Amino acid sequence: MADQLAAQWLPVYGYGAVHAPRIERLASRATVFDAAYCPSPLCAPSRGAMMTGRYASRIGVYDNAAELPATVPTLVHHLRGAGYRPLLSGKMHFVGPDQLHGFERRLTTDIYPASADWVPDWARSLADPMAWYHTMESVLTPARCVASMQTDYDDEVCFQSVRALRDLARYGDDEPFLLVSSFTNPHDPWEIPGRYWDLYDRDAVALPSVPALDDDQLDPHSRRLRAMSGADQVKLSDEQIRRARHGYYAAISYLDERIGQILDALQDTGLEDSTWVVLTADHGEFLGERGLWYKMSFLDPSARVPLIVRPPGGEPGRHVTDPVSLLDLGPTLLELAGWGDDDRAAVRMDGASLVPLLEGEDSARAPVICEYHAEGVTAPAAMIRDGALKLIVCETDPDQLYDLSSDPAELSNLAGDPAYADRLARLHEELERRLDLGAIHARVLASQHDRRLVERGLSRGVQTAWDYEPRVDASMQYVRARSDLYELQRRARMEMP
């Protein structure tokens with residue numbers, strides 16, 4: 001899993017400017033979903049929804065400081081109960097004291113805090129930004145560097161993932177396993193070693209296909225996002241835009257190499273022919289398109305994510321054009337793990353299995369839903385995509401309706417077009433059937449109020465962090481007293497396949 005990796009910036013989705021050969025090789029033996037959407041265009045809500053298969057608003061993970069309740073089942077609980085060994089290496093942005101949510105072990109800490117520090121306040125004026133809001137610093141100061149917090153973290157995620165695969169092959173006794181390797185790249189800041197920058201010619205880095213739009217050309221939410229990050233206060237030169245995009249490209253290439261190391265380990269350990277591989281991300285990145293950066297929007301650069309699924313041993317690569325959601329990942333993995341109809345009937349997930357699409361069958365699918373309830377809005381916002389049509393709604397904003405078959409850049413709002421009136425009404429009905437935005441509004445306001453009180457109290461006196469501390473028993477590693485030296489060495493040696 002990557003962080004802030006939009007599908008549209010990968011060569012497998014048609015963007016040949018980025019160097020990502022390991023992901024391309026994975027996709028060449030896999031099913032590539034061309035229209036996969038995150039459940040929410042923000043880290044914690046997207047990940048919580050993906051892990052549970054439930055809408056973010058249904059589990060109360062509204063923003064990056066909202067707790068996933070420990071008693072809400074995740075796909076990990078289900079797989080662990082069925083005999084799988086679930087391991088997590090890297091980021092999952094769990095907030096609160098439960099930092100496992102079904103995982104047997106976490107191999108690293110998280111890169112982001114587990115506290116309620118980042119609670120939005122819908123009663124606060126958007127003209128009064130909170131200290132933790134995104135700024136333009138990442139866009140203005142991408143860097144070639146020897147080391148950075150991001151790469152230090154992802155190097156460890158990769159190292160622990162590779163070691164876990166080796167240990168599963170050596171000592172796992174053929175138990176089924178789930179390994180989640182979750183990287184922070186290519187999330188900003190883009191501070192990447194020089195050799196990844198050197199894969200690109202700065203002058204050849206393309207400028208946005210949709211240049212910065214004037215305020216009167218932007219929808220209200222996009223205007224809020226620009227104001228919230230300070231993008232409306234900075235006039236970027238072409239060189240600054242190219243440098244920021246160059247840094248993002250370099251971060252993808254760095255990530256691609258780490259992914260390749262894990263896939264090589266899967267092959268070297270002999271596990272490749274019995275293991276499904278899924279590659280995805282929690283949300284996308286605008287990268288300067290229409291003058292926007294980062295995420296928090298339902299427009300495709302922010303909400304459409306890569307989803308690549310390779311079966312054991314691989315298959316001829318193919319693409320699926322049906323819109324799907326990361327909410328579908330839980331039901332899919334459970335079916336691949338052997339769950340039958342009776343098992344799945346007992347699981348209260350909002351997603352639907354992708355197995356029929358993986359098997360090349362036609363599958364009637366419900367429209368895809370995406371929601372957003374964090375900073376930058378003062379009321380719940382939601383998106384529904386049915387076929388080529390995408391509707392975006394928020395009670396404070398006018399509707400946005402796009403036909404992606406004729407308008408992939410989402411520049412022509414059809415919400416006021418009489419020719420689309422019936423289809424607009426049907427999308428509204430379907431969205432209202434599946435999400436009660438009025439009830440969600442009340443729950444969000446109550447949650448923000450309660451969490452601000454909790455955080456205010458916890459910030460005083462002796463503080464006990466919820467952040468995860470990996471537990472390593474060094475007394476059981478390598479060679480220790482009263483152990484059979486040669487037996488340990490024989491068990492640890494892994495022959496070449």
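## Aromatic pairs

Tyr200 is buried, and so is Tyr249. Buried here means under 20% relative accessible area, exposed means over 50%, and partly exposed lies in between (1.4 Å probe, protein chains only). This is a predicted model, in which local features need pLDDT of at least 70 and side-chain atom pairs count only at pLDDT 80 or more, while totals for chains, interfaces and linings use all residues. Residues are numbered from 1 along each chain as its sequence is written, and side-chain values use heavy atoms, with hydrogens and water left out.

A pair of aromatic rings is described by the distance of the centres and the angle of the planes. Rings of Phe, Tyr and Trp (its six-membered ring) pair if their centres lie within 6.5 Å; planes under 30 degrees apart are stacked, over 60 edge-to-face, and the rest tilted. The count by this rule is seven aromatic pairs. One of them joins Trp9 and Tyr15 edge-to-face, at 5.0 Å centre to centre and 85 degrees between the planes. Trp9 and Tyr15 are both buried. The Tyr200 and Tyr249 pair is tilted, because the ring centres are 5.4 Å apart and the planes stand at 55 degrees. Tyr200 lies in the loop between helix H7 (194-197) and helix H8 (220-229), and Tyr249 in helix H9 (residues 238-268), so the pair ties together parts 49 residues apart in sequence. Helices (H or I, at least four residues) and strands (E, at least two) are DSSP runs, numbered from the N terminus. Ring pairs link Trp9, Tyr15, Tyr200 and Tyr249 into a cluster.

A charge also meets a ring. The charged end of Arg423 sits over the ring of Tyr420, 4.3 Å from its centre. The rule asks for NZ of Lys or CZ of Arg within 6 Å of the ring centre and within 35 degrees of the ring normal.

## Strands

Strand E6 (residues 177-182) is mostly covered, with six of its six residues buried. Both faces are covered: Phe177, Leu179 and Ser181 are buried on one side, and Leu178, Val180 and Ser182 on the other. Strand E3 (residues 85-90) runs parallel to E6, joined to it by six bridges. Two strands pair if DSSP finds at least two bridges between them. Leu88 stands opposite Val180 in E6.

An open sheet of three strands has the order E9-E2-E12, with mixed pairing. Strand E9 (304-305) and strand E12 (324-325) are at the edges with a single partner strand each, so one side of each has no neighbour in the sheet. Strand E2 (residues 36-37) pairs with E12 in the parallel sense over two bridges. Ala36 has Val324 as its bridge partner in E12.

## Salt bridges

Side chains of opposite charge can pair when their charged atoms come close. A salt bridge is a side-chain nitrogen of Lys or Arg within 4 Å of a carboxyl oxygen of Asp or Glu. The whole structure has 26 salt bridges. One of them joins Asp121 and Arg452 (3.5 Å, N to O). Asp121 lies in the loop between strand E4 (105-106) and helix H5 (137-140) and Arg452 in helix H15, so the pair ties together parts 331 residues apart in sequence. Asp121 is buried, at a relative accessible area of 18%. Arg452 is partly exposed at 25%.

Arg144 and Asp198 meet in a salt bridge at 2.9 Å, N to O. Here Arg144 in strand E5 (residues 143-144) is linked to Asp198 in the loop between H7 and H8, 54 residues apart. Arg144 is partly exposed at 47%, and Asp198 is exposed at 53%.

Glu289 and Arg245 also form a salt bridge, with their closest N and O atoms 3.6 Å apart. Glu289 sits in the loop between strand E8 (277-280) and helix H10 (300-303), and Arg245 in helix H9, 44 residues apart. Both Glu289 and Arg245 are buried. A network of salt bridges links Arg22, Arg195, Asp256, Glu257 and Arg258.

Ile440 lies in helix H15. Ile440 is buried, with a relative accessible area of 2%. Ile440 and Ala379 are 61 residues apart in sequence and 8.9 Å apart in space, C-alpha to C-alpha.

Tyr478 is in the loop between helix H15 (437-458) and helix H16 (485-492). Tyr478 is exposed, at a relative accessible area of 58%. Together with Val479, Leu485, Tyr486 and Leu488, Tyr478 makes a nonpolar surface patch of about 490 Å². Patches are made of residues with over 30% relative accessible area and no salt bridge; like charges are joined within 9 Å, and nonpolar side chains (Val, Leu, Ile, Met, Phe, Trp, Tyr) within 5 Å. Accessible areas come from the Shrake-Rupley method with a 1.4 Å probe; for residues, only the protein chains shown count as cover.
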